[in-house]
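Hello,

Here is the structure we spoke about, with sequence. My notes on it follow below.

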Amino acid sequence: MKKAVIGVIGCGAIAKDVHLGNIFRNPRFYVKWCSDLMDSNLQYVKEKYNCDNVTNDYMDVLNDPEVQGVLILTVHNVRERIIRDA
């Protein structure tokens with residue numbers, strides 16, 4: 001089975017508590033990128049899920065030609081700009 005290559009933008013509390021575990025366990029996804037403004041959130045993702053690439057700049061995720069989709073798990077007030085960029 002070929003996996004969809006995805007990126008996660010926003011790795012804070014809700015992502016940690018609800019979404020990340022589901023995403024990383026899903027055999028249909030390869031999570032190539034995780035992005036967050038806070039280094040502590042990126043360190044958590046790197047240690048717990050061994051994400052291959054982490055970044056503070058979500059544009060790194062969007063500019064990767066292998067990424068086929070993104071999960072935007074940010075706070076509401078920044079989400080619209082990220083959606084437009086995606």
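Strand 2 (residues 29-35) and strand 3 run parallel and are joined by 3 bridges; strands pair if DSSP finds at least two bridges between them. This is a predicted model, in which local features need pLDDT of at least 70, side-chain atom pairs count only at pLDDT 80 or more, and totals for chains, interfaces and linings use all residues. Residues are numbered from 1 along each chain as its sequence is written, and side-chain values use heavy atoms, leaving out hydrogens and water.

Helices (H or I, at least four residues) and strands (E, at least two) are DSSP runs, numbered from the N terminus. Trp 33 has Asn 53 in strand 3 as its bridge partner. The open sheet holds 4 strands in the order 3-2-1-4, with parallel pairing. Its edges are strand 3 (53-55) and strand 4 (69-72), each pairing on one side only.

The whole structure has 2 aromatic pairs (ring centres of Phe, Tyr or the six-membered ring of Trp within 6.5 Å; planes under 30 degrees apart are stacked, over 60 edge-to-face, the rest tilted). Phe 24 and Tyr 49 are stacked, at 4.6 Å centre to centre and 10 degrees between the planes. Phe 24 lies in helix 1 and Tyr 49 in helix 2 (residues 39-49), so this pair ties together parts 25 residues apart in sequence. Tyr 44 and Tyr 49 form an edge-to-face pair, with 6.4 Å between centres and 75 degrees between planes.

Regards
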